[in-house]
Every structure is written in structure tokens, then in C-alpha cells.
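Thanks for coming. I will keep this short and go through one structure.

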Amino acid sequence: MAMNMTSRVAALNPEVEQILKPFKLSREELMLVMRRMRKEMEMGLSRKGQKEASVRMLPTFVHYRPDGKEKGSFLALDLGGTNFRVLLVRFCPQTEGGMKHVNQSYSIPQEVMQGRGKQLFDHIVDCVAKFLSNQKITERLPLGFTFSFPCKQISLDQAILLNWTKGFSVPDCVGKDVVQLLREAIQRRQELDLEVVALANDTVGTMMSAAFQDPKCEIGLIVGTGTNACYMEQMKNIEKLDGDSGEMCINMEWGAFGQGEQHSLAEIVNEFDKLVDQQSLHPGKQIYEKMIGGKFLGAIVQNILLNLKEKGCIFRGIQTHTLEQENIIRTKFLSKIESDSGDLLHVKSILEELGLPCGIEDRVVVQAVCLAVSQRAAQLCGAGLAAVLERMRENRQMDLMKMTVGVEGSLYKLHPHFSQILKDTVKDLAAKCEVHFHLSEDSSAMGAALVAASTRAS
Ligand code: BGC
């Protein structure tokens with residue numbers, strides 16, 4: 001379907017095709033991305049290279065993957081996307097699936113996401129208190145905290161925040177131990193008695209949850225608001241850490257790929273990516289994430305449409321001030337626009353909703369722009385994942401490696417083509433890896449409960 005639409009556009013206007021050209025990556029370009037990712041992984045793990053690597057390769061202190069025998073009840077908190085979530089997770093080996101959970105989402109106002117640390121952590125604890133009271137929970141529960149930002153972990157329950165990403169910016173927390181900040185906020189709320197036992201990145205939580213059901217899962221992948229991956233690495237390959245036996249999960253923080261001195265994505269980044277970066281909350285950072293994550297795809301589309309409008313290729317002769325408003329094209333619109341076929345009536349209704357002209361020519365162009373942007377996102381993500389898989393396969397000296405990837409995130413789950421393009425790219429670039437993608441709801445948060453459970457098992 002994608003091809004048909006693109007050729008319809010070319011038939012309408014070759015200039016559109018020209019503008020979308022930098023989004024059509026060749027196999028060579030994808031292989032270049034894969035090679036560079038592997039190089040940065042190597043640097044990030046080494047003692048000397050770690051300072052220059054944009055991919056930080058952060059140790060998580062998770063050596064263990066679940067075996068399905070976990071027991072007990074845990075609270076899990078999940079901070080990192082658009083909402084903050086609280087879950088009560090009960091592991092019960094006898095029941096189907098091995099666990100039960102209830103959860104509740106709470107919104108985080110923008111002024112809290114970009115305010116002071118005390119305000120943010122008090123808000124979190126306030127939501128936890130509401131949850132406990134709604135669920136009538138009075139027992140003292142161990143708590144696992146899914147915190148989806150780069151942290152230098154010193155142990156499972158010590159995590160120094162390195163920087164904020166996505167829509168968060170709370171400067172006074174940077175350089176501080178976020179577990180401690182949470183404990184202090186709990187103490188301020190005197191009626192609460194909770195024991196924070198572990199912090200985990202969302203990728204780690206996702207890998208742990210998938211591994212709970214499928215022991216072959218050794219990779220966690222997030223493609224939602226932001227993007228990132230983690231995987232199990234042999235200790236002997238983590239040069240920057242002492243100790244040679246066993247393995248540890250590494251939080252790659254691959255969203256930062258392409259930032260800084262290495263310029264690993266220099267050949268791929270185009271004028272629209274640069275614009276989106278400049279307009280973002282953290283300019284110059286998270287370059288790969290800004291080409292893949294749901295928070296940014298709408299902004300890329302919007303910048304392309306503005307450019308097409310300026311060139312007179314779309315919305316001809318009509319004032320379109322709405323197109324200049326910040327964040328007007330949401331990623332959920334992309335999903336809807338790209339699922340459409342025939343007369344593109346969904347596209348029409350979205351353009352109407354946005355107050356934009358919606359003639360058939362405009363609809364076709366808008367759809368082609370969305371397709372190009374999300375196709376590149378899925379391919380780039382696939383190239384990164386292929387790098388991880390190939391590294392693991394070569395380290396294990398296997399001719400064929402079977403691997404399960406635990407995956408979570410709205411883009412993977414809800415977008416009509418993203419997951420398929422990602423899978424096709426991985427199949428092409430890592431042909432010696434047989435990959436099964438394990439998608440599960442709420443997995444990143446439940447995984448923090450599993451990490452918490454691991455502290456009880458040992
Ligand atoms: C964060 C990662 C996180 C990813 C997905 C990125 O912006 O730096 O820690 O895993 O988003 O949520």
C-alpha cells in the first residue's frame with residue numbers, strides 16, 4: 001500500500017518526492033547505522049572510550065532473570081512516559097500467567113514535569129497514597145520503581161540521575177540519587193510506610209517481564225514516547241566494571257546515539273531532524289530518539305508540511321496558521337492517517353479537526369509524508385536492534401541465534417506498520433538471528449516488581 005500511495009504523490013507533484021527523499025534510507029545506509037551502533041556499544045563498555053561514547057551502556061546490577069517462581073506482593077511505580085502509573089503486583093506461581101495486577105494511571109501536569117524536584121516527588125507520592133487508599137492496602141509493601149531516564153546505578157537501589165529526556169526537565173534532581181529522593185518524599189508523607197527496594201529502567205522491566213514468561217528473552221526494547229534497549233552482556237565484556245564471571249543487563253540508553261563528538265548519524269540526519277532538535281526541550285541531545293520516538297515524529301511531519309506549504313506543494317493559496325502551532329500533529333494522528341486507504345476519509349477528518357484544508361491532493365501528500373517519516377523510524381530502530389543481536393550472536397559464537405525481544409511502547413503496539421517494518425529490517429540486517437518479539441501490556445512497570453522480587457530471593 002505504501003508504494004502505491006507514494007507513486008500517487010509523485011504523479012501529483014515530483015517536488016514532494018524530492019523533499020521526502022532523505023527519509024528513504026538505502027540498505028547501505030541502514031548497515032552504516034548498524035555498524036556505528038556496534039562501535040559505540042563497544043566504546044561505551046570500555047574504560048577509555050566510555051566518556052566519548054554517545055551510547056552510555058549503563059550497568060543495571062541486574063544479573064538475574066526471573067524463573068517464574070517469584071512470590072509475594074509488590075508495589076510498582078512507573079515514571080517516564082506521559083502518565084505516571086502505580087501498580088499492585090501479586091506473584092502467585094499457581095495461577096495462570098504467574099501473576100495478577102491492578103493499576104491506575106495519573107497525569108503529570110506540565111509544570112510538574114518541568115518544575116522542582118520536591119514538587120515532582122511529592123506529586124508521585126500523593127498518587128501512591130491515593131492508590132493505596134482506593135485499593136484499601138494497609139500492609140507494608142516492597143516497592144520497585146521503573147524510572148525511564150538515564151541513571152548511573154551503583155546498586156539496585158542507588159541511581160544517580162544523569163540527565164532528563166523526553167518532556168521532563170527538573171534540573172535540581174540531576175546528579176542526585178532518585179531512590180533517595182523518593183524515600184525522602186515518602187518520609188514527608190508521614191502516614192505512608194513503603195520500602196523502596198529497587199529501581200529499574202523501563203527497558204529492563206520489559207525484558208524481565210517477558211523473561212518471566214519466556215526464558216529466551218534477553219533483550220528489552222521500548223518504542224513509545226522515547227526509545228531505548230537493554231540486553232544481557234557477559235561480565236567479561238564490560239571492561240569498565242570489575243568482575244569477569246556471569247552476566248549483567250546493560251541499559252544502552254541508545255536514544256542518545258548520534259549526539260556529541262562522534263556524530264554517528266551525521267549522514268542520516270536531515271534539515272527537518274535538525275529543526276525538531278532545535279525546537280525541543282533538550283537541543284543537541286537524544287538524536288536517534290528524535291528520529292524514532294513517538295514524542296517527535298509528529299513534529300517532523302509538521303515541519304515537512306510547513307516546508308511543502310512554503311513551496312506551494314500543499315494547502316495552496318489558503319492561510320494555515322494552525323500548522324505553525326506547537327505540537328499540533330500528534331503521533332496518534334500518524335497511526336490513523338497511515339491506516340487509511342481509498343478516499344482517505346480519516347485523513348480528511350483529521351485535517352478538518354486541525355482546521356487545515358483537506359482536498360484529495362492534500363490528503364494524499366499528508367499521508368505520504370507520514371508514511372515516509374514512520375517508515376524511516378522503524379528502519380532505524382531495526383538497524384539498532386540488529387546491531388545488538390549481531391553482537392550477542394558473535395560473542396556467543398553461534399551460527400544461528402534464537403532470541404526473544406521483550407517489547408513495549410505505543411508506537412510498536414498501535415501504529416499500523418511500525419512493528420512489521422521493524423521486523424523486516426531486523427530480518428534483513430541480522431539474518432542469522434531468529435527473533436521472536438514478545439509484546440506485553442504494562443510490562444515495564446511489572447518488571448520493576450520482578451527486580452524487587454529478586455532482592456527477596458537472594
Ligand atoms: C530514556 C530511557 C528510556 C527511554 C524509553 C529515553 O528518553 O533516556 O531511559 O528507556 O526513553 O522510555
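This is a predicted model: local features need pLDDT of at least 70, side-chain atom pairs count only at pLDDT 80 or more; totals for chains, interfaces and linings use all residues.

Residues are numbered from 1 along each chain as its sequence is written, and side-chain values use heavy atoms, with hydrogens and water left out.

Now the shell. The ligand is surrounded by 14 residues, counted when a heavy atom lies within 4 Å. The closest are Thr-165, Asn-201, Asp-202, Glu-253 and Glu-289. By class, three are nonpolar, seven polar and four charged, with Gly among the polar ones and Asp, Glu, Lys and Arg as charged.

Next, polar contacts, meaning pairs of N or O atoms within 3.5 Å. Glu-253 places a polar side-chain atom 2.6 Å from a ligand oxygen. For Asn-228, a side-chain N or O atom is 3.0 Å from an oxygen of the ligand. Ser-148 contributes a polar backbone atom, 3.4 Å from a ligand oxygen. The ligand alone exposes 310 Å², and the protein buries 98% of that, by the Shrake-Rupley method with a 1.4 Å probe.

Last, the domains. The chain divides into domain 1 (1-57 + 213-441) and domain 2 (61-200), with bounds from an automatic or database assignment. Each gives at least three residues to the ligand shell.

Notes. A polar contact is a pair of N or O atoms within 3.5 Å; within protein, one must be able to donate a hydrogen and the other to accept it, and residues adjacent in sequence count only if both atoms are side-chain atoms.
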